[in-house]
Amino acid sequence: MSLGGDDGYGGDYEGREARRSRGAAPEGHLTRTRLPEGDGDPYGPPRRAPGRPKPSRNLITVVGVIVLLLAAIAFVNRGDGKDGGSSGGGDTGGGGTEAQPTAPTGERPVDGKNATTDIASGFAKSEQGAQSAAANYAVALASAEMTKADSRHQLVSQIFTSDRVNGLQKKLDRAYSKSFLEKLGLDANGNAGDGMTYVSRAAPIGTKTTTSTDTAATVEVWCTGVFGTAGEGSKNPVANDWFTMTVKLRWVNKDWKVESYSQKDGPAPVNSDNTASTADEIAKAVQQYGGFTYAR
């Protein structure tokens, strides 16, 4: 789902009712609305197609070998530290610094956060800084806060360049109409019903700069995420999605700001056969697990 129009925001939201009736989100937002198929438990195990073969013994053996290899690699990378076998990412004592497999690399991503929206700000004026900004802005644009007018206005005001804010606010307000929010299982204020928890959270997998100058950059952010409404009887159960968001940035007032953004589906891996969690487990996970500040 991409944002139409030359300005990157899309225009005729009212003319897209046919698309919305199929469960798509307003353009410029990442929420995915999916209706359960049949009368089965939408949070139960995925149904297997008739006659689907079980994993072969050879496949199970290969998977087991891969797991053992990964465990061996992890053991080797633990190093020879004296503190119980673990090693940090700091000075090795030999005049150099050894980067551990899970240690972040590159520039420090951000100097601070906005006190109102808690979105990272103060990104470095560099290609890495632009990638970090794009990753964090993609998360914000995919968040559940976008369904509520007050929080949406705050997010847009912070993320976008000042000359784009007013026009985008009006288009998003039209997009998040009462009728559209009802399709997401929300009331006119963007709140879920009793016993329901609305979920809309994305996680960047990686970033790529396609164009870059001293004052402008275009960054692609590959993301996965969970979107839907958790709760017994939900008509929009939480499901995962994969997409790539393209973010056009401009350097303004010592920080990167968004001029426009668009989105396309994928790249998406093959779905695994993990058993789906219950609605209660999903709701608790969203409430208990916090997000991150993302950095290149």
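Buried means under 20% relative accessible area, exposed means over 50%, and partly exposed lies in between (1.4 Å probe, protein chains only). This is a predicted model, in which local features need pLDDT of at least 70 and side-chain atom pairs count only at pLDDT 80 or more, while totals for chains, interfaces and linings use all residues. Residues are numbered from 1 along each chain as its sequence is written, and side-chain values use heavy atoms, with hydrogens and water left out.

**View 1. Asp-163 and Arg-250 form a salt bridge.** A salt bridge is a side-chain nitrogen of Lys or Arg within 4 Å of a carboxyl oxygen of Asp or Glu. Here the N to O distance is 3.2 Å. The pair links distant parts of the chain, 87 residues apart. Asp-163 sits in helix H5 (residues 162-175) and Arg-250 in strand S5 (residues 239-252). Helices (H or I, at least four residues) and strands (E, at least two) are DSSP runs, numbered from the N terminus. Asp-163 is exposed, at 55% relative accessibility. Arg-250 is partly exposed, at 26%.

**View 2. Arg-250 also pairs with Glu-259.** The N to O distance of this salt bridge is 2.6 Å. Glu-259 has a relative accessible area of 21%, so it counts as partly exposed.

**View 3. Asp-280 and Lys-284 pair within helix H7.** Their salt bridge spans 3.3 Å, N to O. The helix covers residues 279-288, and the two partners lie 4 residues apart, about one turn. Both are partly exposed: Asp-280 at 45%, Lys-284 at 41%.

**View 4. Asp-163, Arg-250 and Glu-259 make one network.** Salt bridges with shared partners join these residues. By the salt-bridge rule, the count comes to 5.
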